[in-house]
Structures are given as structure tokens and as C-alpha cells.
Amino acid sequence: MPPPSVPARAPGIWDVIVVGAGPAGATAARVAAEKGCETLLLERAAIPRYKTCGGGLIGASLAALPPGLPLNIYDTARQLTFSLNGRKERTLDCSSPTIAMVYRSELDAALTEAAAAAGAQVRDSTMLTTLEQEGATVAVKTNRGETFRARAVVGADGSASRVSRYVGVQCAQVDLALEVEVPVDERTADHWRGRALMEWGPLPGSFGWVFPKGDVCTAGVVAARGNPAALRAYKEDFLKRQGLLGPRPLHDTGHLTRCRRPASPLARGRVLVAGDAAALVDHWSREGISYALRSGDLAGHAAARIVTAAEEGTSAVADHYGRQIDGILGIEMRASNSLMNIFARNPGLAHTALTRLPPAWRHLDTYLAGHTSVAGIMSTPFGRAAAALATRLPLRPAKPLQ
């Protein structure tokens, strides 16, 4: 029986339907189920499924995972190597092990299992096709010809989200990421073990990364959408220089990352969005897992409140959810946008500061370990001075590929 705070579910009507079983959706479903809601979690692919993602969990992500979540960590960075388009390479020691390397297929499956253990029902290989609000419920139609109804819906169906389009999410920044997962021999694995690489690339705001995972390395590049040929050329050059171009990749994929425009809607009636569907991604690093976990938690609580609210109170719950996102993650995104502006205007200067000025590395190291936030960094005297300097800098992207 549901707790007294949750009205009994009418036949054929769910309390909460969550669309998408990534970190945001699985978290929202678990939280809603823990609050006593009859919850249905829909995932378009068969679980476990591959997801294009570096799979590096920073401190904020680790802190947002449910306690005791069983998860394989294949490596943890104790060092970070930085370079400027293959030049001026320098390796720095982390003050504590940071960036836990995982596979998204395993992370998402573990989070989905946690949602199921909390009482959510999971339906994979089931894709949302349309949704429509009908009075006090939302009708969700699927590719299987089924129609489900719920008092609240959370859209967490990724950067190509149908729910996002329904809500009207607007983006300030859209990037294209290209990624491979490459099997490596023992010598190469030893070379990367305990060390991640970040390289500032030749395209404005671009970078490449290598995340080690034992006998596999995840590597990729990202830049603003609009010049895929140049990005592919950078990817080939980057992989060649890192010794990762030869092996046949296990996966070779791409996907879009989207950063929300301030004041973009996060809800429409009884429908909320979270994670990539809400375009909650760090402007600079394009890190999205910590945003997904935290927004999924907030969305799960908000959906549960919509279930118990009177019809006239649902908009107040949705508004409160938007204020929570803006007050926590929105602040982070505005700060990361400022950091992105510094980096994009003069990556060479940003690289020199990060690798040669101890305060700059100390701030980033502390952020990766989860002891501060980007907003916290940008509010320090060092961060404010850097932001002020960026407004006076000429635009100097990294040197193009030869």
C-alpha cells in the first residue's frame, strides 16, 4: 500500500512515468518510488546499452550516487596530463585520486537496478512516440502501440529528447563529441594507468581526452557543432598522436551535447525535464553526469509532489523545481560559461595558467575531487581576476592542424 501522502492509483494510471534510464531518469525513478509513488521507467534501448560518454566520474558525481551502489571502477586518475594541441605537455599530480573511470552501460544499469529495487517498474526496448496532457494526467504513447497515463512525467531521454521538444527547452551552446573505445595492449595500458589526458584542441573551445580503463582506453574530441569535417580531422590527428589510432575500436560514435539557455523552461504542466533532456551540461568540460544525477534527484522529488498536489498546485511545484535547478545547477552553468569564455578566447594563456600557476591547478584539482564547484572557483579573487582579464583578451584560438 502507498503511504497516506500518496493517493491511491486509479486503474491504468501511474503516479509517475520516467522516460529514459540514464543517470537522470534512473535517479528520478528511484526517488519517486522511494517516496511511495507507483513509478514506471521507460527506456528505448535494451538494458544494458552502450552510451557515448567518457565515463569519468568527478567528485560531484560520486557524491550524488546512491549509497552502496555496486559499480565497477576500472581506474582512478592520480595524475592529469594537459597539452595544447599536442604541444607544451605537462603532467600534474592530483592531491587525491580523482575521476573514477566507469562504463556508462554499467553505471546506467546499476542505477536502473537501484530504481527497480526501490519499487519502480522498468520497461526497456520501449520508446516514447508522443505525449499529451489530458486533464489531471499525461498520456504517454510508445512504439509498441501502448498508451500509459500518469499524474506526472519526467523526461530524461537524452540530448535528442522528445520530451525536451515538448517542454520547449532552449540551448545556448550545442557541441558535437566524437569518441572511440579502443582495446590496448599491456604496454599501452601501463602507459595510461592512473593518468588521464586533457588536450586543448585547434578549434575554438575544443578539447580531446583520454580516459584509461584497464585494457581499454576511452578517447574523444569535442567542439562546437557546425564543422564536422574539421572535428573528424582533429580526432584522427589526436588519436594518432596518442597511439590509439591503430587498434580496431570497440565503439566509434558521436553525439551532441547541449547547454541550456538561462530561463529556458524546465517544465510544462505535469511534465518535467532533467539531465541532458533539460540541457544541463557544463559549458567548459561538457561534463553532464553530475548534472544528471542531481537534477534527477530534484525531478523525482518534484514529480512526487505533483502527484500529491491539488490540480491548481501543480504549477507551483513545477515553478519550485525550476527555481531549485536555477539556484543549484544554473549557478554552476553560468560560472562554467564564464570559464568557457576564458578558455575559448585564449586557450594558450589558459593552458599556461593551469600548468604553471599553482593556484589555478589547485582550484581545478579541488573541483575534480568534489571539494568545491566551478561557481566557487569563479567567485575567488583568482577566478574573478581571470574572468576580468578574459574580457580584455583578443580572440586567439589554438594553432590549426598542419
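1. A disulfide is taken here as a pair of cysteine sulfur atoms within 2.5 Å. The model is a predicted one, and under that cut-off the count of disulfides in it is zero. Cys-94 is in no disulfide, since the nearest cysteine sulfur, that of Cys-217, is 16 Å away and the cut-off is 2.5 Å. The sulfur of Cys-217 in turn has its closest cysteine sulfur in Cys-53, at 16 Å, which is too far for a bond. Cys-94 is buried, with a relative accessibility of 12%. Cys-217 is buried as well, at 1%.

2. Which residues of helix 9 are buried? In this helix, which spans residues 347–356, they are Pro-347, Gly-348, His-351, Leu-354 and Thr-355. These residues lie on the same side of helix 9, because they cover an arc of only 130° around the axis. Their packing partners include two helices, helix 8 (314–345) and helix 10 (358–368). The buried residues also pack against strand 4 (75–84), strand 5 (87–101) and strand 11 (195–200).

3. Val-138 belongs to strand 8, residues 137–142. Is Val-138 buried or exposed? Its relative accessible area is 0%, so Val-138 counts as buried. Apart from neighbours within four places in sequence, Val-138 is in contact with Leu-131, Glu-132 and Gln-133, with Phe-148, Arg-149, Ala-150 and Val-153, and with Arg-270 and Val-271. As for Asp-365, 227 residues from Val-138 along the chain, the two C-alpha atoms are separated by 44 Å.

4. The count of aromatic pairs is eight. One of them is formed by Trp-200 and Trp-284, a tilted pair with 5.8 Å centre to centre and 40° between the planes. This pair links distant parts of the chain, 84 residues apart: Trp-200 is in strand 11, while Trp-284 is in the loop between strand 16 (271–273) and helix 7 (289–308). Both Trp-200 and Trp-284 are buried. Ring pairs also join these two tryptophans with Phe-82, Phe-343 and Trp-361 in a cluster.

5. Tyr-234 and Phe-238 form another tilted aromatic pair, with 6.0 Å between centres and 55° between the planes. Both residues lie in helix 6 (residues 228–241), four residues apart, or about one turn of the helix. Tyr-234 is buried, as is Phe-238.

6. Two arginines sit over tyrosine rings. The charged end of Arg-268 is over the ring of Tyr-166, at 4.1 Å from its centre. Arg-294 lies over the face of Tyr-291, 5.2 Å from the ring centre.

7. How many salt bridges does a search of the whole structure find? The search finds 14. Glu-34 and Arg-30 form a salt bridge through their side chains, at 3.4 Å from N to O. Both are in helix 1 (residues 23–34), four residues apart, which is about one turn of the helix. Arg-30 is buried, with a relative accessible area of 10%.

8. The side chains of Glu-146 and Arg-123 meet in a salt bridge at 2.6 Å, N to O. Here distant parts of the chain are linked, 23 residues apart, with Glu-146 in the loop between strand 8 and strand 9 (147–155) and Arg-123 in strand 6 (residues 121–123). Glu-146 is partly exposed, at 23% relative accessibility. Arg-123 is also partly exposed, with a relative accessible area of 23%.

9. In the salt bridge of Arg-260 with Asp-326, the closest N and O atoms are 2.9 Å apart. The pair links distant parts of the chain: Arg-260 is in strand 14 (residues 251–260) and Asp-326 in helix 8, 66 residues apart. Arg-260 counts as buried, at 7% relative accessibility, whereas Asp-326 is partly exposed, with a relative accessible area of 26%.

10. Some salt bridges share partners, and these join Glu-43, Arg-49, Arg-104 and Asp-108 into one network.

Technical notes: Residues are numbered from 1 along each chain as its sequence is written. This is a predicted model: local features need pLDDT of at least 70, side-chain atom pairs count only at pLDDT 80 or more; totals for chains, interfaces and linings use all residues. Side-chain values use heavy atoms; hydrogens and water are left out. Buried means under 20% relative accessible area, exposed over 50%, partly exposed in between (1.4 Å probe, protein chains only). The arc is that of the directions from the helix axis to the C-beta atoms. Contact means heavy atoms within 4.5 Å. Rings of Phe, Tyr and Trp (its six-membered ring) pair if their centres lie within 6.5 Å; planes under 30 degrees apart count as stacked, over 60 as edge-to-face and the rest as tilted. A charge sits over a ring if NZ of Lys or CZ of Arg is within 6 Å of the ring centre and within 35 degrees of the ring normal. A salt bridge is a side-chain nitrogen of Lys or Arg within 4 Å of a carboxyl oxygen of Asp or Glu.
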